[in-house]
Amino acid sequence: MWSTLSVPWQKSLVQAIEAIRAGSYGVGAVIVDGSDDIVSVGRNRIFEEESANGEICGSCIAHAEINAIASLPKGVDRTELTLYTSLEPCPMCVGAIGMCGIKTVRYAARDPFVGCADLLDKPELLRREGIRAYGPETEALVNLSVALNFCGFLRKREPGEEHYLNHIFEPTAPHGVTLAMAIRSPRIWTLSSMARESLSHW
């Protein structure tokens, strides 16, 4: 599967894996320019105490999309940018995307918990911006993206809460939920660098 993914999707998933390894939720994002060159990356850092490149950490707003936007270099033509994210953006991230001038969004999987890509054409401001949203992607990418996000949730929730999350995520990506349950152990995310490299190439 890995070899069939474009570089932006690969990098988004690697960012999601890094988020889980750091103890945050498994969501990653990248922004590419009109030539599909990556100009910015970001990942969920909600439960982290340190960050780099201007990213937000240790806050409920430290989402992957927000951090990718915060890391954008100055002077880049934002109308030519595309944001790739491993999970459908939440209302906050949808607003940030619209306000910063990015015109295209691609998300790997729907988020039935807080996903709000349909809001991109609701307010007059965002509708006038003409933002295009594409997603979800292939079934394999959907399942992996859901698994990474769900795995992060499972590791932060109280025992028993997985049943509530199962009820939300299972209808859209049952295989993703199954995979999350299999990889939820923190031990998996503290393996050797060689093992982590293999894990990132599912």
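A residue is called buried if its relative accessible area is under 20%, exposed if over 50%, and partly exposed in between (1.4 Å probe, protein chains only). The views show a predicted model, in which local features need pLDDT of at least 70 and side-chain atom pairs count only at pLDDT 80 or more, while totals for chains, interfaces and linings use all residues. Residues are numbered from 1 along each chain as its sequence is written, and side-chain values use heavy atoms, with hydrogens and water left out.

**The sheet**

This view shows an open sheet of 5 strands with mixed pairing, in the order β2-β1-β3-β4-β5. β2 (residues 38-43) and β5 (residues 132-134) are at the edges with a single partner strand each, so one side of each has no neighbour in the sheet. From one strand to the next, the twist averages 15°. Helix α1 packs on the sheet, where it touches β1, β2, β3 and β4, and the direction of α1 makes about 145° with that of β1. Strands (E, at least two residues) and helices (H or I, at least four residues) are DSSP runs, numbered from the N terminus. Axes are lines fitted to C-alpha atoms, for helices over the stretch in contact, and angles run from 0 to 180 degrees between N-to-C directions.

**Strands β4 and β5**

This view shows β4 (residues 104-107) and β5, which run parallel and are joined by 3 bridges. Two strands pair if DSSP finds at least two bridges between them. Val 105 has Ala 133 of β5 opposite. Strands of a sheet pair through backbone hydrogen bonds, either parallel or antiparallel.

Thr 82 counts as buried because its relative accessibility is 13%. Leaving aside neighbours within four places in sequence, Thr 82 is in contact (heavy atoms within 4.5 Å) with Val 30, Ile 31, Val 32, Thr 104 and Arg 106. With residues up to four places away in sequence not counted, Leu 83 touches Val 30, Ile 31, Glu 65, Ile 69, Ile 97, Ile 102, Thr 104, Val 105 and Arg 106. Leu 83 is also among the members of the largest nonpolar core that touch the most other members; the others are Leu 13, Ile 31, Ile 69, Ile 102 and Leu 148, and the core has 46 residues. At least two residues of this core come from each of α1 (7-21), β1 (28-32), α2 (64-70), β3, α3 (91-100), α5 (139-156), α6 (162-169) and α7 (174-183). α5 supplies the largest share, 9 residues. A nonpolar core is a set of buried Ala, Val, Leu, Ile, Met, Phe, Trp, Tyr and Cys residues joined through side-chain atoms within 4.5 Å.

**Helix α3**

This view shows the buried residues of α3, which are Cys 93, Val 94, Ile 97, Gly 98 and Cys 100. Their cover includes α2, β3, β4 and α4. Just after α3, Gly 101 takes a positive phi of about 95°.

**The loop between β2 and α2**

This view shows Ala 62, which is placed in the loop between β2 and α2. Ala 62 counts as buried because its relative accessibility is 0%. The C-alpha atoms of Ala 62 and Arg 45 are separated by 5.3 Å, although the two are 17 residues apart along the chain. Not counting residues up to four places away in sequence, Ala 62 touches Arg 43, Asn 44, Arg 45, Ile 46, Ile 56, Cys 57 and Asn 67. Arg 45 also forms a salt bridge with Glu 55, whose closest N and O atoms are 2.8 Å apart. Both residues lie in the loop between β2 and α2, so the pair ties together parts that are 10 residues apart in sequence. Glu 55 is buried at 8% relative accessibility, and Arg 45 is buried with a relative accessible area of 9%.

**Salt bridges between separate parts of the chain**

This view shows two of the 7 salt bridges that the structure holds. A salt bridge is a side-chain nitrogen of Lys or Arg within 4 Å of a carboxyl oxygen of Asp or Glu. Side chains of opposite charge can pair when their charged atoms come close. Arg 110 is partly exposed at 40% relative accessibility, whereas Glu 88 is buried at 7%. In the other bridge, between Lys 103 and Glu 129, the closest N and O atoms are 2.8 Å apart. Lys 103 lies in the loop between α3 and β4 and Glu 129 in helix α4, so the pair ties together parts that are 26 residues apart in sequence. Lys 103 is buried at 16% relative accessibility, whereas Glu 129 is partly exposed at 25%.
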